[in-house]
Amino acid sequence: MKIIFAIINNDDAPVVANQLTRAGLNVTKMASTGGFLMRGNSTFISGVEDDRVDEAIEIIKKYSQRRGQISPAELGLAGESFGNNQITVGGATIFVLDVERYERA
Ligand code: 2BA
């Protein structure tokens, strides 16, 4: 078994949760905040059997494709600190870890 951590834009979180659940995958959504933008995002925790990891990741990717562009200035970040490049937001950051033990009591 693996555990998937997926950090997802709040705009995409409802549909990702819905689609994972519809596929029969268990998921927990936690409110989280990105350290760079300090904006709310959602962190999903999903324990899945090894043979369903790719399926879960495909669902997360499919429904997390929004990629907006915002400038540091719009965020109130100092341009000289971060450059004046656009910052890409949206999409998903996914980690997959081995599960040593899983129990439901
Ligand atoms: P944030 O840390 O708020 O980052 C939001 C977006 O800002 C990032 O999108 C990236 O495009 C940009 N960004 C982050 N750090 C930057 C920097 N030092 N300089 C310039 N631009 C920077 P994503 O990469 O898609 O990340 C979205 C969210 O996923 C992050 O929100 C954070 O909550 C999480 N995340 C990303 N990578 C992570 C990692 N390696 N470990 C833990 N959480 C991560």
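Trainee: How many helices and strands does the protein chain have, and in what order do the elements run?

Mentor: The secondary structure of the protein chain comes to three helices and six strands, where helices (H or I, at least four residues) and strands (E, at least two) are DSSP runs numbered from the N terminus. This is a predicted model, in which local features need pLDDT of at least 70 and side-chain atom pairs count only at pLDDT 80 or more, whereas totals for chains, interfaces and linings use all residues. Residues are numbered from 1 along each chain as its sequence is written, and side-chain values use heavy atoms, with hydrogens and water left out. From the N terminus on, the order of the elements is β-α-β-β-α-β-α-β-β.

Trainee: Which strand pairs with S1, and in what sense?

Mentor: Two strands pair if DSSP finds at least two bridges between them. Strand S1 (residues 2–9) has eight bridges to strand S3 (residues 40–48), and within this pairing Ile-4 stands opposite Ser-46. The partner of S1 here is therefore S3, and the sense, by the DSSP criterion of at least two bridges, is the one recorded for these eight bridges: antiparallel.

Trainee: How many bridges join S2 to S3?

Mentor: Strand S2 (residues 28–33) and S3 run antiparallel, with Lys-29 having Phe-44 as its bridge partner and Thr-33 standing opposite Gly-40. In the hairpin of these two strands, which has six residues between them, Met-38 takes a positive phi near 60°. The number of bridges that join S2 to S3 is six.

Trainee: What share of the 105 residues counts as buried?

Mentor: Buried means under 20% relative accessible area, exposed over 50%, and partly exposed in between (1.4 Å probe, protein chains only). The accessible surface of the protein chain, from the Shrake-Rupley method with a 1.4 Å probe and, for residues, with only the protein chains shown counting as cover, comes to about 6900 Å², of which 48% belongs to carbon and sulfur atoms. Of the 105 residues, the share that counts as buried is 29%.

Trainee: What is the distance between the closest N and O atoms of Arg-101 and Glu-103?

Mentor: The structure holds three salt bridges, among them that of Glu-55 with Arg-52, whose closest N and O atoms are 2.9 Å apart. Glu-55 is partly exposed, at 33% relative accessibility, while Arg-101 is exposed, at 67%, and Glu-103 is exposed as well, at 54%. For Arg-101 and Glu-103, the distance between the closest N and O atoms is 2.4 Å.

Trainee: Which element gives the most to the lining of the largest pocket?

Mentor: A pocket is, on a 1 Å grid over the protein atoms alone, an open set of points where a 1.4 Å probe fits, with protein on both sides within 12 Å along at least five of seven lines, and lining residues have an atom within 4 Å of a point. About 460 Å³ of space lies in the largest pocket, and of the 22 residues that line it, the closest to its centre are Asn-9, Leu-37, Asn-41, Val-89 and Gly-90. The elements that give two or more residues to this lining are S1, S3, strand S4 (67–70), strand S5 (87–90) and S6. The one that gives the most, with four residues, is S5.

Trainee: Which residues does Asn-9 touch, not counting residues up to four places away in sequence?

Mentor: Asn-9 lies in strand S1 and is partly exposed, with a relative accessible area of 23%. Asn-9 and Gly-91 are 82 residues apart in sequence and 6.6 Å apart in space, C-alpha to C-alpha. With contact meaning heavy atoms within 4.5 Å, the residues that Asn-9 touches are Gly-90 and Gly-91.

Note on methods. A salt bridge is a side-chain nitrogen of Lys or Arg within 4 Å of a carboxyl oxygen of Asp or Glu. Grid points are joined across faces, edges and corners, and a volume is the space filled by probe spheres set on the points.
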